[in-house]
Amino acid sequence: MHIESHEVFCAVVEHGSLSRAAHLLHMTQSTASRHLQVLEEEYGGLLFERSASGLTLTSLGHALYPFSRDMLSCHMRAKEEIFRLRSQGGGLCVGATLSIGEYVLPELLGELKKQYPLTEIRMHIANTAEVLRLLIHHSIDIGIVEGR
């Protein structure tokens, strides 16, 4: 699963059109369509009902949307925090819940490590309560959890 697929999905939901979402994301419509297919394969069902009048979210799409939105939000917050830390230098310890740690952080932290190979990066995966406890006790630099 890639963040970009969730970006396409959310853009289609928010703009009501695959072609509009593709245009806004600077990709071809076929590429955007493939991103949706990847998510449909990942989650085992259609995200949209396709008809002459356009796209309508299915129940699966309705269920997935808030989680996709949360993932994108977590991804952006992580990028902002990492940018802030990069500008200061030093190491980074990130705490995250399983989904974020499994799907969002590896790619992001891998890119950071490529750009700054001398930076020590640690990741701690735990449940929400534990991530919050570690953050409160300054055992991690940033905590990322799902939810609102």
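Is His35 buried or exposed? His35 is buried, with a relative accessible area of 13%, where buried means under 20% relative accessible area, exposed over 50% and partly exposed in between (1.4 Å probe, protein chains only). The model is predicted, so local features need pLDDT of at least 70 and side-chain atom pairs count only at pLDDT 80 or more, while totals for chains, interfaces and linings use all residues. Residues are numbered from 1 along each chain as its sequence is written, and side-chain values use heavy atoms, with hydrogens and water left out.

His35 belongs to helix H3 (residues 29-43); helices (H or I, at least four residues) and strands (E, at least two) are DSSP runs numbered from the N terminus. Apart from neighbours within four places in sequence, His35 is in contact with Glu4, Ser5, Val8 and Met27 (heavy atoms within 4.5 Å).

Helix H1 covers residues 3-15. Its 13 residues reach 18 Å from the first C-alpha to the last, close to the expected 18 Å, which is 1.5 Å times one less than the number of residues. The buried residues of H1 include Ser5, Val8 and Phe9. Gly16, with a positive phi near 75°, follows H1.

Three strands form an open sheet in the order E4-E3-E5, with parallel pairing (at least two DSSP bridges between two strands). Strands E4 (121-125) and E5 (142-144) are the edges, each pairing on one side only. Strand E3 (residues 92-96) and E5 are joined in the parallel sense over three bridges, and Ala96 stands opposite Ile144 in E5.
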